Amino acid sequence: MGKLYTFWSVPVHIRSEAGAATAVEGPGEAVELLESGRAAANGPHCRRALQICHAATWKTGLLAASREAFLAATLEAGLLWSPARREPPNPLYPAQDAPQPLDIRS
């Protein structure tokens, strides 16, 4: 049996030390990133993620574990990034659908 090209249901978004955003979509990409030296991956979580992600490219049962290990590695290396973060609303241009304050004077 050869390598499996599997993908996580939710990618892990990282930001490199240079500031470039990347979505890592599976254990194969995680292995490439961790082995390439593009990420500062030298802590214990990074080494464990490399082992688990490498194994997940050969066995289907380790897919969820590989994502969790890679998340721990990105946290350890300070690379985890959430694209869902939004800037706070601009007070000069409030949203038109924003709830209006209640008038309790009556």
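**A buried serine and its surroundings**

Modeller: Ser 66 is buried, with a relative accessible area of 0%. Buried means under 20% relative accessible area, exposed means over 50%, and partly exposed lies in between (1.4 Å probe, protein chains only).

Colleague: What kind of model is this, and how are residues numbered?

Modeller: It is a predicted model, where local features need pLDDT of at least 70, side-chain atom pairs count only at pLDDT 80 or more, and totals for chains, interfaces and linings use all residues. Residues are numbered from 1 along each chain as its sequence is written, and side-chain values use heavy atoms, with hydrogens and water left out.

Colleague: Back to Ser 66. Where is it found?

Modeller: Ser 66 is in helix α3. Helices (H or I, at least four residues) and strands (E, at least two) are DSSP runs, numbered from the N terminus.

Colleague: Which residues is Ser 66 in contact with, leaving aside neighbours within four places in sequence?

Modeller: Ser 66 is in contact with Trp 8, Pro 27, Ile 52, Cys 53 and Ala 56. Contact means heavy atoms within 4.5 Å.

Colleague: Let's do α2. Which of its residues are buried?

Modeller: Cys 46, Ala 49, Ile 52, Cys 53 and Ala 56 are buried in α2. They cover an arc of only 130° around the axis, so they sit on the same side of α2. That arc is taken from the directions from the helix axis to the C-beta atoms.

Colleague: And what is exposed on the other side of α2?

Modeller: Pro 44 and Gln 51 are exposed there.

Colleague: What do the buried residues of α2 pack against?

Modeller: They pack against α1 (27–36) and α3 (63–77).

Colleague: Zooming out, how many helices and strands does the protein chain have?

Modeller: The protein chain has 3 helices and 2 strands. Along the sequence, the pattern is β-β-α-α-α.

Colleague: And how much of the protein chain is buried?

Modeller: Buried residues make up 25% of the 106 residues.
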